[in-house]
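Look at the model first, then read on.

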Amino acid sequence: MHNQAALLERSLPRDRWELLHLVARQASMLRQPLYLVGGVVRDLLLGGAVKDFDLVVEGDAIKLARALVSRYGGRVTAHTKFGTAKWALPEHLKPAAPAHAALDLISARSEIYKHPAALPTVKPGSIEDDIRRRDFTINALAIRLDEPHFGELRDDLNGMNDLQKRIIRVLYPRSFLDDPTRMYRAVRYEKRYQFKMAADTLALIPAARASIVNLSAQRIRHELDLMLEERQVSSMLARLEELDLLSIIHPALSDFQRSKLAAFKEGELPAHDRNLVWLWWLMHLPMHEIESLNKRLHFNATLLKALLAASALYAGLDSFAGLKPSQTVERLDAYPSAAVEAVHFVVRDKNRKNVFSKYLSEWRHIKPQTTGHDLKKLGVEPGPRYTEILHRLRAAWLDGEVKSGEEEENLLKSIL
């Protein structure tokens, strides 16, 4: 239970395991205690995969990084204000995964929050300080790496007990007030790991709820973005609504059950990117509500355009009844493909779903054989006339008016 060296060796890819030992040896030579801290330790102990890790140095992380470069090569990007360094690994140490081509080293630090929802003031500290600045006890576990302590588990705040009992617990009563994003993280961990918030932690939410309004758009949207990448996103958002943590962001988010995303059961979501989940969540809202919500969350331009398009498309589904394929294509071509795909996935009416399926799989790819270059050779002056002719030829293919190159050629002659 107390030494996790064997667990580390089992869980890490060989190249990461060897890199860990290499850094640990250098830290030992400098007499700087070195630790894995936080989520990576939690996931190791839960038996999950380790995607990446940062290393916390009780001392000067920049000094350690420069010593590593001096001995093994690579280069250091240092941030002296924060006591952090990124070691870009030399070629002979780079792992197979490009995402692991650099290693972050962080000096242990303490944090002070000057007022609720403020970004913390950071200063150098001990490993104990660094552990106590974490959000939950299950993220306050550390594994020491320097010799002769390699693999020793440090559990200052009884995090192992909470991990075994599947409990999410904050470290101190003002935790949610200091950083309201922790309430969203607590829900994310609850549903991802099938844990429960401790009763005393849950009881802190009502008093901290009002401080959410002080969060910047970037901070609150970042927490939602992370949630929307999870497989259990529907249950997470339902839990946020249960705790009254959505409407405080914006009134438009007050009724999650109305959204298309709420209809997805656990594990039902197909492979997706985050933007698609935003569309499933918000497409039922009128465009003016999405525009209002954007003032709070500051969506990027691509996502905002897709949200507004999905809203308009979903609201206007009835208007597609009785259209020719060419008319359907003309209308759907005006929307971002992400919006069309999002609406297609949630449409339940068989006829409408079939129309969207045909558009996505077939119709949108149909083009006439004639090109602008062909028209130029036929003496057509470049300009709007090109577009009109090519549009007419494409419509003829879509609507079955022409079915071969010869028939297209005859239609083109009649047009000219």
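Angles under 35 degrees count as roughly parallel, over 145 as roughly antiparallel, 65 to 115 as roughly perpendicular and the rest as oblique. The model is predicted: local features need pLDDT of at least 70, side-chain atom pairs count only at pLDDT 80 or more, and totals for chains, interfaces and linings use all residues. Residues are numbered from 1 along each chain as its sequence is written, and side-chain values use heavy atoms, without hydrogens and water. Helices are DSSP runs (H or I, at least four residues), numbered from the N terminus.

**H2 and H4**
- Helix H2 (residues 14-29) packs on helix H4 (residues 61-72) at about 115°, with axes 10 Å apart.
- H2 and H4 are therefore roughly perpendicular to each other.
- Leu-22, Val-23, Gln-26, Ala-27 and Met-29 of H2 meet Leu-64, Ala-67, Leu-68, Arg-71 and Tyr-72 of H4; contact means heavy atoms within 4.5 Å.
- This contact of H2 with H4 has 8 nonpolar, 1 polar and 1 charged residues.

**H13 and H17**
- Helix H13 (residues 274-282) and H17 pack at about 55°, their axes 10 Å apart.
- That makes H13 oblique to H17.
- H13 contributes Leu-276, Leu-279 and Trp-280, while H17 contributes Ala-338, Ala-339, Ala-342, Phe-345 and Val-346.
- The residues of this contact of H13 with H17 are 8 nonpolar, no polar and no charged.

**H16**
- Ser-326, Thr-328, Val-329 and Leu-332 are the buried residues of helix H16 (residues 325-332).
- Seen down the axis of H16, they fall within an arc of 160°, so they line one face of the helix.
- Buried means under 20% relative accessible area, exposed over 50%, partly exposed in between (1.4 Å probe, protein chains only).
- Their cover includes helices H15 (301-315), H17 (337-346), H18 (350-361) and H20 (384-398).

Methods:
Helices (H or I, at least four residues) and strands (E, at least two) are DSSP runs, numbered from the N terminus. The arc is that of the directions from the helix axis to the C-beta atoms. Axes are lines fitted to C-alpha atoms, for helices over the stretch in contact, and angles run from 0 to 180 degrees between N-to-C directions. Ala, Val, Leu, Ile, Met, Phe, Trp, Tyr, Cys and Pro count as nonpolar, Asp, Glu, Lys and Arg as charged, and the others, Gly among them, as polar.
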